[in-house]
Amino acid sequence: MTDARKNIRFLIFVFVLLFAAMIFYLVYAITVYGERWFASPNNPRIGSVKGDVQAGTINDRNGEKLAWSNGEDREYSSDSSLRESVSHVVGDPYGMTRGAESFYAKYLYGFAEDAVERISDVLVGQKRRGSDVWLTVDAKLSDSILRAMGDRKGAVVILNYKTGEVLASVSNPAFDPYKIKSYSGKTGSTALFDRATMGRYPPGSTFKVITTAAVLENPELELKFHDCLGTAEIGGKDVQCAGKTAHGEEDLEEAFYKSCNTFFATQSLQLKGELLKKEAEKFGFNDDFMFDDMVAYQSVYSKPESDIDTAWSGVGQYKDLMTPLHAAMIAGSIANKGVMMEPKFLKTAQSPTGTVLYSLQTEVYRTPVSESVAGELKKLMLGVVSKGTGSAARVGGLKVGGKTGTAEYMDDKGKKKEHAWFIGFIDDTKHPLAVAVILEGAGSGGKYAAPVAKKALDKAVDLGY
Amino acid sequence: MQIYEAVAYAMRYWFVLVILAILLCVIVVSIVEYRDRKKVMANAESHIGYMDVVYTAANNLEEGDRFALAKSNIIGSSASCNIVINDRDVMKKHVKINSKEDGVYVEVYAPNNTQLNGRAVKNEEPVFSGDILLMGNTALMLHIKEEEA
Amino acid sequence: MIYVRRSAAVVLFFILLLVLSAFGLLAFRDGQFDIIAAAFGIGACVLFVTLYNVAKTVFRHIDRYVLIICIFLTGIGFIMQYRLNPEYALRQIIMFAIGIVALFIAIAAVKKAGNFGKWNYIFMAGVLGLLLLSLLFARVIGGARNWVQILGMSMQPSEFAKVLFIVTAAYFFSNKNRIASILPFLLFSAACILVLVLSKDLGAAILYALTTLVMFFAGTGRALLTLAGMGILSAGAYASYRLFPHVKTRVDIWQNPWVAERTEGYQIVQALMAIASGSLFGMGLGLGSPASIPASYTDFIFAGLCEEFGIIAGVAVILFYLLFVLRGALIALNARTLFHQLLVFGCTAMLCLQCFVIIAGVIKMIPLTGITLPFISYGGSSMVSCMALVGIIEGVAVKNGEYDEKKIESIGGAVL
């Protein structure tokens, strides 16, 4: 008989563990994913209160109204260019995009009020009002950026690398929120897609920042000098520099600001796929990006195996994909002494009676490199703008650093095209800005993306950031 | 409708409170009951039976009083005994009732003043349920658990 | 024991308070006073008080707290059911009343009938019969064939069968403690599971299988064989994953339901959103949209509970189930014969596993299965069979109490 008792005791212990695990899982899942699940566009609860609640106002960081409720309707800025430039960030109330309208539904539709406020609303006989939110973006900046992009598809992200606040996140083509219903079912239009946070592109030469970081962190592998012949044979295939230009004898600094492919291909071979992957993951590749404030798609880095794959991977032309938001974060971390801040889109949320429901807290996302390595990378990136391929990004009177990228890809017609990338920053504590620009299929990064970055940075500095 | 919403919204706290109160009560009482039962059953386990007072002249006892019998019990008028009988004719250490392998025995220290079922007792004799032990002017009826006999 | 008596009444009082306040609130849901809600609340309270008092008077030694937890869970169930659909709540309370009868019958049966002896063979036939009944005559609901229409009411035979199953399992695992004799029962068990799998009632199949394993281990203590059994079970599970397309769907949406947000994953996604919307204190009774979750009043009732009462309440409910299991286990440990130990433990284990499987499925910890949450889910057969299981547990508790009493009497009750 005692035998059975022992067994029963053991099984009870197992059951208790099971239940404990279940409770733990429930609490954990809700803590980590709860907000995101709630903000899902398919959540009928948000929809069901829409009739009863006057949704709160979405403002930009300076209080400029981006979206507000007027009776039953949702109204936007009367300036069409402005409202289109912030369209992705603001989102829509129908769940067709993942902008502030759905992500901050908790505040906008009054779910975050406390009971006292709700009861007093009833007593006063007032229709329930949602809380207002202030985003971190600047509408005027976004507007001028969209204009600078013209009709080229792509995205631009500007953020404050000290705090992580996103000052502008513009995706082109943008949509007009007044006409959003007309976009549903429209094939061939990608206007609703937010390229800034969800668009994943091959990084091209911008990845050399990470390759260089790997080189700097593994000093025993450094190649001091390299003779670039414009083309190199690796693993039976050719790796070429842009336009097959032979850069001649160069050191790390020169190779960097001239964006020499053969140099970095050779470095990558020495580093091998494992180290490259480690470095990329330090910078946030392959991470789920469960940011509090927005949905950001994962940047992907696949470990290359063969020599030729490793070579191309080091110059960002293997299977890797990066989002513009992530690119800006990477640039920002270099400028910010190696510390990558978590991007923030929400500055404040305030209830109709003035209670502050949320106030931005800066958070460190990760620290990919040490301060000294970041310092060296910064110097190299400053070189790109002052002496190299990124000269078009110069901003008057300020030190600008960056990296251009010309990412080759095949379009759906089988033609070889190039994305124009520029990622960079202003090295000045009074203007701690990082920028990432991608123009789909536009061509050379230095020629097309860098000027757009310049215009964006110019305007940002102009506005006082 | 709005009134309902506001009230229901406020009552959330009330419901959670009541549920937690119930939970707490159940947990606390379960623990207490568990411990209680353990104690009681351990007691029941460690005792061999009980004794009832049939009649007595002692000033600290009454007819009908009941004592649990442990494995070993010293009965007498001294305060240090397991069972104290304040009877003039009960010696300081009068008898010992204890449980051995083959049953329960009574060991008598004061043979003059002790009778078992009306007979005099030699130093040690086995006892059974229903036996009456007379010490001085106090008569005690013994009940022994079946397993012990 | 006197201590226990008083406090149980206090807890019962709190439960009544909860039920009455909830129904009081629900009565005003549509603006006008809903007399049925009030009547329902009062009726439920009357049932609870009667059940508690009659039970403790007729059977002095029942475990009061098991009954109290049972009452609490049923009460929460009523509140949620009424909130979702008053008609279902009415049916539920009627089934609860029937369940009370089943409870008393079970207690009496356990008290009087030793280990049921030869009856076990009849039980075994009964179990197979009921399961075959559902296999042959059932309607398909939600991919599983386990509902049978009798006299206009639908019921699940596998629920009733499970009670008898546990009794027979306890008998065979305790009667002859040697593998050669236990083997026939294991074959019987395998047969039952097979029938259930064929009926596509995989949830019940898992329950039967796990309960068999648990009782096997408890009765014989043979860890290796039990692990072998688990291995066979896992192999079976894998095989069903390969063979049955709807199993594959379930596993896929368990891993990532968001890809099929509006189609196959709709149910679990809605459940997750509901739970998330509840945050700590819930959205408020009557203020959420639990109806947006399919099967909200049966399998997903827990999600609805978390939505309107909050995570704290949800965790509390899980803890209540855990306490129930612990008390049941205590009764098992105090039981005097191997048969009774296994009997109680089997019932406790089955309720425990049922609870775990469905809640874990709803919160996406494991793939979803179609089982009900005991006492809270809507389901006549579920309610009655769970009450029967509780009855068995209480029956053994009564026996334990009688033994205890005798023991204390043997020392004259002098230690109390």
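H14(C) crosses H15(C) in a left-handed manner, a crossing being left-handed when the near helix is turned anticlockwise from the far one by less than a right angle, and right-handed when clockwise. The model is predicted: local features need pLDDT of at least 70 and side-chain atom pairs count only at pLDDT 80 or more, whereas totals for chains, interfaces and linings use all residues. Residues are numbered from 1 along each chain as its sequence is written, while chains are lettered from A and ligands numbered from 1 in the order in which they are written. Helices (H or I, at least four residues) and strands (E, at least two) are DSSP runs, numbered from the N terminus.

Helix H14 of chain C covers residues 338-362 and helix H15 of chain C covers residues 380-410; their axes come within 9 Å and cross at roughly 145°. Axes are lines fitted to C-alpha atoms, for helices over the stretch in contact, and angles run from 0 to 180 degrees between N-to-C directions. H14(C) contributes C:His340, C:Leu343, C:Val344, C:Cys347, C:Thr348, C:Met350 and C:Leu351 to the contact, and H15(C) contributes C:Cys386, C:Leu389, C:Ile392, C:Ile393, C:Val396 and C:Lys399. Two residues are in contact if their C-beta atoms, placed from the backbone, lie within 7 Å. By class, 10 residues of the contact between H14(C) and H15(C) are nonpolar, two are polar and one is charged. Here Ala, Val, Leu, Ile, Met, Phe, Trp, Tyr, Cys and Pro count as nonpolar, Asp, Glu, Lys and Arg as charged, and the others, Gly among them, as polar.

The crossing of H3(C) and H13(C) is left-handed. The residues in contact are C:Tyr65, C:Val66, C:Ile69, C:Phe72, C:Leu73 and C:Ile76 from H3(C), together with C:Val317, C:Phe320, C:Leu323, C:Phe324, C:Arg327 and C:Gly328 from H13(C). The contact of H3(C) with H13(C) comprises 10 nonpolar residues, one polar and one charged.

Chain C also touches chain B, in a contact that takes 39 residues from chain B and 44 residues from chain C. On the chain B side, the elements giving two or more residues are helix H1 (2-46), strand E1 (49-55) and strand E2 (66-69). H1(B) supplies the largest share of that side, 30 residues. The chain B side divides into 28 nonpolar, five polar and six charged residues.

B:Asp52 is found in strand E1 of chain B. With 17 other C-beta atoms within 10 Å, B:Asp52 is partly exposed; a residue is buried if 20 or more other C-beta atoms lie within 10 Å of its own, exposed if 12 or fewer, and partly exposed in between, with C-beta atoms placed from the backbone. Leaving aside neighbours within four places in sequence, B:Asp52 is in contact with B:Gly64, B:Arg66, B:Leu140 and B:Met141. B:Asp52 and B:Arg35 are 17 residues apart in sequence and 28 Å apart in space, C-alpha to C-alpha.

In chain A, six strands form an open sheet of mixed pairing, in the order E3-E2-E1-E4-E12-E13. Two strands pair if DSSP finds at least two bridges between them. Strand E3 (73-76) and strand E13 (356-359) of chain A stand at the edges, each with a single partner strand, so one side of each is left without a neighbour in the sheet. E13(A) runs antiparallel to strand E12 (residues 346-350) of chain A, joined by three bridges. A:Gln350 has A:Val356 in E13(A) as its bridge partner.

Strand E15 (residues 400-410) of chain A is mostly covered, with eight of its 11 residues buried. E15(A) is joined by 11 bridges to strand E16 (residues 416-426) of chain A, and the two run antiparallel. A:Lys403 stands opposite A:Ile423 in E16(A). Five residues lie between the strands of this hairpin, in which A:Gly414 takes a positive phi near 85°.

The peptide bond from A:Asn172 to A:Pro173 is cis, with omega near 10°. A:Asn286, although not a glycine, has a positive phi of about 65°.
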